[in-house]
Amino acid sequence: MISYKILTIILIALMVSDGCSIADKLVYHPDLIQGNYLSDSHLIKIHIGMTQEQVRYILGTPQVSDPFSSNIWYYVSRQKIRHQPLQQKTLKLTFNNQGILTNIDNKKI
């Protein structure tokens, strides 16, 4: 029979050589959503020509406004779902001086 010392050494060697990948899969990681949640159902309602009030009603208050211009709004969302890689979505909305939406830039990182 294999002694407990040898079995312990084998188990420690396996854990060290494998890193924490097995243990990481066993540990619970809660879903983490930060920033403005940007669902596709909300994004399809946004279109060029809308006013700032209409956009704010659909998407809510922007997380970040450009400090140099009140005509650029940023909606940023970061999601870490269990063992999947981190996903970030950035929605940049540009308004003209009359407060009308002129450009929509939606990026997924």
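T90 lies in strand β4, which covers residues 87–95. Helices (H or I, at least four residues) and strands (E, at least two) are DSSP runs, numbered from the N terminus. The model is predicted, so local features need pLDDT of at least 70 and side-chain atom pairs count only at pLDDT 80 or more, while totals for chains, interfaces and linings use all residues. Residues are numbered from 1 along each chain as its sequence is written, and side-chain values use heavy atoms, with hydrogens and water left out.

The protein has 4 helices and 5 strands. From the N terminus on, these elements run α-α-β-α-α-β-β-β-β.

T90 counts as buried because its relative accessibility is 16%; buried means under 20% relative accessible area, exposed over 50%, and partly exposed in between (1.4 Å probe, protein chains only). Leaving aside residues up to four places away in sequence, T90 touches Y74, Y75, V76, D105, N106 and K107. Contact here means heavy atoms within 4.5 Å.

One of these residues, Y75, also belongs to the largest nonpolar core, where I46, V55, L59, Y75, L91 and L93 touch the most other members among 13 residues. Helix α4 (52–59), strand β3 (72–80) and strand β4 each supply at least two residues of this core. Such a core is a set of buried Ala, Val, Leu, Ile, Met, Phe, Trp, Tyr and Cys residues joined through side-chain atoms within 4.5 Å. L59 touches H42, L43, I46, Y75, L91 and L93, not counting residues up to four places away in sequence.

Across the protein, buried residues make up 26% of the 109 residues.
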